[in-house]
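Hi,

Here is the structure I said I would pass on. Have a look at it first, and then read my notes below.

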Amino acid sequence: MNQLKNVYIFFSLSLLFIFAGCSFFLLNAQLLGTQKLENKIAQDSKLYTPIAYLTQKIHSYDSQGQVTTETIDGIQCLVLSDDQTKTYIYQKEDSLQELYVLSTSEVDLDSGQKMMSCDSFEVQIEENVVEMKVQDQSFEVSLRSGDLYA
């Protein structure tokens with residue numbers, strides 16, 4: 001009888017340790033999955049936030065001749081202009097920067113406001129398409145305004 005009681009205790013403790021071990025491995029797997037998901041979200045945010053921002057800015061200035069490019073002090077800029085102002089978007093010091101000035105004002109790219117981190121930025125305009133490369137990801141924004149004066 002005493003031996004049977006020991007078998008029951010051993011069996012119960014074995015089930016408890018198996019349950020605890022499986023629970024530990026399950027929690028560990030969930031934590032690793034959550035960390036991978038957080039890293040992927042951060043990576044996607046770093047890539048797609050500048051793309052979404054640039055696309056929205058270009059569409060808001062989508063009129064004939066208002067979207068152009070310029071090179072100032074060796075830095076390639078996307079220039080969005082209206083009747084009285086110009087917005088320069090460019091990459092400098094590992095960040096995407098924006099400078100908002102009057103059309104008649106002198107441009108000083110050191111005065112730009114840092115918008116978000118960005119390792120690379122290239123832009124060119126061909127016909128009605130703005131071709132850009134941000135964070136080594138190429139994309140195009142089609143202009144609906146007709147002919148451009150780039």
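Let's start with D119, which is partly exposed at a relative accessible area of 46%. Keep in mind throughout that this is a predicted model. Which residue does D119 pair with in a salt bridge? That would be K46, with 3.7 Å between the closest N and O atoms. The two sit 73 residues apart, in distant parts of the chain: K46 belongs to helix 1, while D119 is in the loop between strand 5 (113-117) and strand 6. K46 is partly exposed too, with a relative accessible area of 37%.

By the rule used here, I get five salt bridges. Two others are worth a look.

K114 is in strand 5 and E93 is in the loop between strand 3 and strand 4, so parts 21 residues apart in sequence are tied together here. Both ends count as exposed, since the cut-off for that is over 50%: K114 has a relative accessible area of 51%, and E93 comes in at 55%.

Now for the inside. The largest nonpolar core has 22 residues, and the members touching the most others are L54, I58, V67, L78, F121, V130 and M132. At least two residues each come from helix 1 (2-60), strand 2 (75-81), strand 6 (121-126), strand 7 (129-134) and strand 8 (137-142). Which of these gives the most? Helix 1 does, with five residues.

Leaving out residues up to four places away in sequence, L78 touches L54, I58, V67, T68, T87, Y88, I89, F121, V123, V130 and M132. There is also a second, separate core of nine residues, with C77, Y88, L99 and L109 among them.

Cheers

Notes
Residues are numbered from 1 along each chain as its sequence is written. This is a predicted model: local features need pLDDT of at least 70, side-chain atom pairs count only at pLDDT 80 or more; totals for chains, interfaces and linings use all residues. Side-chain values use heavy atoms; hydrogens and water are left out. A nonpolar core is a set of buried Ala, Val, Leu, Ile, Met, Phe, Trp, Tyr and Cys residues joined through side-chain atoms within 4.5 Å. Buried means under 20% relative accessible area, exposed over 50%, partly exposed in between (1.4 Å probe, protein chains only). Helices (H or I, at least four residues) and strands (E, at least two) are DSSP runs, numbered from the N terminus. Contact means heavy atoms within 4.5 Å. A salt bridge is a side-chain nitrogen of Lys or Arg within 4 Å of a carboxyl oxygen of Asp or Glu.
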